[in-house]
Amino acid sequence: MSEPIVRFRAVSKSYDGRAQVVAGLDLDIARGEFLTLLGPSGSGKTTTLMMLAGFEDPSEGSIELEGRRIDTVPPHKRGIGVVFQNYALFPHMTVAQNLAFPLSVRGTSRAEIAARTAKALEMVRLSGFGDRRPQQLSGGQQQRVALARALIFSPTLVLMDEPLGALDKQLREELQLEIRRIHATLGVTIVYVTHDQSEALTMSDRIAVFEGGRIQQLGTADAIYERPANAFVAGFIGENNRMEAVVADSTTLRLADGTMLPTAPHGFSTGEHVLACIRPEKVRLAEAGHPATVTEVVYLGDHCRLRLSFAGLPDFFAKRASEDGMAVPRQGEAVFLGIPDTAVMVFRASSP
Amino acid sequence: MREGPIARLLLRLATVLVLAFLLAPMVAVVLLSFSPTELLALPPRGFSLRWYGEFLESSRWLLAMKNSFIVAGATTMVATVLGTMAALGLQLGRFRGKAVLVTILTLPMVTPYIVTAAAMFFAYSLVGLTGSLAGLVLAHTVVAVPFVVVSVLATLQTFDTTLLRAAASLGASPATAFLRVVVPNIWPGIAAGAIFAFATSLDEFVITLFMAGPGQFTLPRQMYASVREFLSPTILAAATMLFLCSLGFLLVSEAIRLRAERRGRA
């Protein structure tokens, strides 16, 4: 990895001097990457973004941009583009005037402003909308204008604070693709905040999962999904069946009712209490294996969701993709579950 | 509920009576100001601009008018700038004791003018500010600022502060953001506050009586003096002009409010 574009060093933020919203954050952001800060509300992800933008001051630690300390630089001198959830377009200006704003405060010539505004509108496919007022545009169009405005002054870093949070599902997916496309075209570094895990999984080069003011895990989407670092990440990203268990030996767990569950080598010592997590889509219906009873079947089109009674647990879920010619199990039916040992994730029981 | 014809008639009658009670004195003054003779009678016997002519030829009235407009104009400028800045700080700042500050700033609105006037008289005479137009402007500013603060605070309630963050992220210094983003969005509140400040100063009498020097007559003070000394109908002409002035302010501030509302809906 070349020199990171942003470097957080031991950054903490507290509003009252006691509770830490962000605690001892160390984070390097690579040039050109799409990094998503993902976490539940109050996890510190937005505060982290706001400190980078300059709207909040860190209580401790330092933030560097391009190797320069910026945590004492006022926001208007940082040259970082920001996209807000509520668009934050200037209502008294037209779309073109909104786009021209960052250029005119930098003293750009009229001719160049006109050229770059036209180009920016084209980039977000809103050519011909320059004379409209923001209020005359739909939510999706307004956010595309905000996107263009945050990019028009060619910042190397753009921050996005839940930019699609106010839009409906279809528009959200459309704009996700659009943002990805812009990211790929311009090569700009994007730091994106969301609490929507599927958004994080689709868009990011890397994801930082936040909880309690700390990064719980930093990695690619598949690393975070397939190899969660702890029980919080496993529970927050995707669905999980969580079971308390005791380590029987290096590759076997014993569940509460005595069921023995084979696992890949997990590194916990015999007799230790642990938490086992199994993703519903990794559970197979098999000819033989662990006996279970189907208690509910929910048909969801591309897949079926089965609620099972398994190993004394009343709410064990399995997902079954719909395929041609496969019988859907019925409620009350006795089935066998195949659980590959690699599907069982084992975590320390005390971790959150 | 549908009221009967009698109830409706009674309501109309009551409305007309109340409106007449409110408007009749002013209407009488306006009508009498066009009286051709010194003997006042309603309805006036004839129509003349004689008293307006007297007003415009009298150096005392003209001086009073000049003083009034100088003081009101200066008061408006100072009060609008200070009041707007105070409202901005109160709305956007992050500190304790905002409620206390708002109360202190708007106190002159509810304090009896005579109390404010007496207090100022003593305070200003200690530093030699009585008897000067500057002192008068300062005193009027104290009572005019609350109108600006309240009016600007009201429009700031609907101002989205994310716009300030957006402006900063786009490279605008706080001053640029204020001029290019805040002012264009809250100017109806600033304008309404300025009009109130001007009208307050133009109309102010009690404080002026305490603070102004012997030669510093303003329109209200001159009107009072001329009622006391010699009841000339010129005062009616002056009153009519002041009234039309206030009516103009009212219409302008209503127009601003309507315009702002329409834009808010768009």
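Predicted model: local features only at pLDDT ≥ 70, side-chain atom pairs only at ≥ 80, totals over all residues.
**Overall make-up**

The table sets the two chains side by side.

| Chain | Residues and share buried | Secondary structure | Span of the C-alpha trace along the principal axes |
|---|---|---|---|
| Chain A | 352 residues, 38% buried | eight helices and 20 strands | about 75 × 50 × 35 Å |
| Chain B | 266 residues, 33% buried | 11 helices and zero strands | about 70 × 65 × 30 Å |

In chain A, 64% of the contacts between residues at least 6 apart in sequence join residues at least 24 apart. In chain B, the figure for contacts counted in that way is 75%.

**Chain A: domains**

The domain assignment divides chain A into domain 1, residues 6–233, and domain 2, residues 239–348. Taken over C-alpha atoms, the centres of domain 1 and domain 2 of chain A are separated by 39 Å.

**Chain A: the six-stranded sheet**

One open sheet in chain A is built from six strands, ordered β6-β7-β8-β3-β9-β10, with mixed pairing. The edges are taken by β6 (81–83) and β10 (214–219) of chain A; each has a single partner strand, so one side of each has no neighbour in the sheet. From one strand to the next, the twist averages 15°.

Within this sheet, β3 (residues 34–38) and β8 (residues 189–194) of chain A run parallel and are joined by five bridges. Thr36(A) has Tyr192(A) of β8(A) standing opposite. A helix also packs on the sheet: α4(A) touches β6 and β7 (157–161) of chain A, and the direction of α4(A) makes about 170° with that of β6(A).

Helix α2 of chain A, residues 95–104, is mostly covered, with seven of its 10 residues buried. Those buried residues are Val95(A), Asn98(A), Leu99(A), Ala100(A), Phe101(A), Pro102(A) and Leu103(A). Against what do they pack?

Tyr15(A) belongs to the loop between β1 (6–14) and β2 (20–29) of chain A. Is Tyr15(A) buried or exposed? Tyr15(A) is exposed because there are 11 other C-beta atoms within 10 Å, and a residue counts as exposed at 12 or fewer. Between Tyr15(A) and Pro58(A) there is a C-alpha to C-alpha distance of 9.8 Å, with the two residues 43 apart in sequence.

**Chain B: an all-helix chain with annotated segments**

Read along the sequence, chain B follows the pattern α-α-α-α-α-α-α-α-α-α-α. An unreviewed UniProt entry assigns "domain: ABC transmembrane type-1" to residues 65–253 of chain B. Over residues 65–253, chain B is 81% helix and 0% strand, and the end C-alpha atoms are 23 Å apart.

The unreviewed UniProt entry also places the feature "transmembrane region" at residues 65–88, 100–127, 133–156, 177–199 and 230–252 of chain B. Two of these segments can be described further. Residues 65–88 of chain B are 100% helix and 0% strand, with the end C-alpha atoms 34 Å apart. Residues 230–252 of chain B are 83% helix and 0% strand, and there the end C-alpha atoms are 35 Å apart.

**The interface between the chains**

At the interface, 15 residues of chain B are in contact with 21 residues of chain A. On the chain B side, α7 (162–169) and α8 (174–203) each supply at least two of the residues that touch chain A. Which helix gives the largest share of that side? The largest share, six residues, comes from α7(B). By residue type, the side of chain B that touches chain A divides into eight nonpolar, six polar and one charged.

Technical notes. Residues numbered from 1 in each chain as written. Chains lettered and ligands numbered in written order. UniProt positions renumbered as here; feature names shortened; annotations may be inferred. Helix = DSSP H or I, 4+ residues; strand = E, 2+ residues; numbered from the N terminus. Domains from an automatic or database assignment. Contact = placed C-beta atoms within 7 Å. Nonpolar A, V, L, I, M, F, W, Y, C, P; charged D, E, K, R; others polar. Pairing = 2+ DSSP bridges. Axes fitted to C-alpha atoms, helices over the stretch in contact; angles between N-to-C directions.
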